[in-house]
Amino acid sequence: MLELDKENFEAEVLQVSGPVFVDFYSDMCEPCQALMPVVHALAEKYGDKMKFTKVNTMKARRMAIAQKVMGLPVTAIYKDGVKVAELVKDECTEENIENMIKDNT
């Protein structure tokens, strides 16, 4: 998974045609840490269908706020620079994330 920050988010997500999965997380967020292996497994499974990325919001707080990420964890899919799907907090289950990926590939 590609690690994003405020320097490369626009080029790697907003300027890309096709689907891009973004995992917004924080090192201090226990649910985020628990979700990380699930996201990595899904990246291995679906990496040929979409680009998988992650953003540590502690290092890119303003950029995360600009993307309307107010709580964690958040998983989102962007297509052609537009957020087309998003799961927030308790919605971020393996089943929900996989369904979101399938719906957007």
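**Figure 1. Contacts and overall form of the protein.** Among contacts between residues at least 6 apart in sequence, 67% join residues at least 24 apart. The structure shown is a predicted model. The protein has four helices and five strands, and along the sequence these follow the pattern β-α-β-α-β-α-β-β-α. The radius of gyration is 12 Å, close to the 13 Å that the globule rule gives for 105 residues, so the protein is as compact as a globular protein of that length. Taken along the principal axes, the box filled by the C-alpha atoms is roughly 30 × 30 × 20 Å. Of the 105 residues, 46% count as buried. The protein exposes about 5,800 Å², and carbon and sulfur atoms supply 48% of this area.

**Figure 2. The sheet and its strand order.** Strands of a sheet pair through backbone hydrogen bonds, and the pairing can be parallel or antiparallel. Here five strands form an open sheet with mixed pairing, in the order S1-S3-S2-S4-S5. Strand S1 (2–4) and strand S5 (82–88) stand at the edges; each has a single partner strand, so one side of each is left without a neighbour in the sheet. From one strand to the next, the twist averages 25°. Helix H2 (residues 30–46) packs on this sheet and touches strand S2 (19–25), strand S3 (51–56) and S4. The direction of H2 makes about 165° with that of S2.

Figure 3. Strand S4 (residues 74–79) and S5 run antiparallel and are joined by six bridges. Val74 in this view stands opposite Val88 in S5, while Lys79 stands opposite Val82 in S5. Two residues lie between the strands of the hairpin, and Asp80 takes a positive phi near 50°.

Figure 4. Thr75 has its place in strand S4. Is Thr75 buried or exposed? Its relative accessibility is 0%, so Thr75 counts as buried. Leaving out residues up to four places away in sequence, Thr75 touches Phe21, Val22, Asp23, Leu35, Ala85, Glu86, Leu87, Cys92, Ile97 and Met100.

Figure 5. A disulfide is a covalent bond between the sulfur atoms of two cysteines. Which residues form the disulfide here? Cys29 and Cys32 do, with their sulfur atoms 2.4 Å apart; the cut-off for a disulfide is a pair of cysteine sulfur atoms within 2.5 Å. By this rule the count comes to one disulfide. The torsion about the S-S bond of Cys29 and Cys32 is about 75°, so the disulfide is right-handed. Cys29 and Cys32 are both buried. Cys92, in contrast, is in no disulfide: the nearest cysteine sulfur is that of Cys32, 8.0 Å away. Cys92 counts as buried because its relative accessibility is 10%, and the cut-off for buried is under 20%.

Methods
Residues are numbered from 1 along each chain as its sequence is written. This is a predicted model: local features need pLDDT of at least 70, side-chain atom pairs count only at pLDDT 80 or more; totals for chains, interfaces and linings use all residues. Side-chain values use heavy atoms; hydrogens and water are left out. Buried means under 20% relative accessible area, exposed over 50%, partly exposed in between (1.4 Å probe, protein chains only). Two strands pair if DSSP finds at least two bridges between them. Axes are lines fitted to C-alpha atoms, for helices over the stretch in contact, and angles run from 0 to 180 degrees between N-to-C directions. Contact means heavy atoms within 4.5 Å. The radius of gyration is taken over C-alpha atoms; the globule rule is 2.2 Å times the number of residues to the power 0.38. Accessible areas come from the Shrake-Rupley method with a 1.4 Å probe; for residues, only the protein chains shown count as cover.
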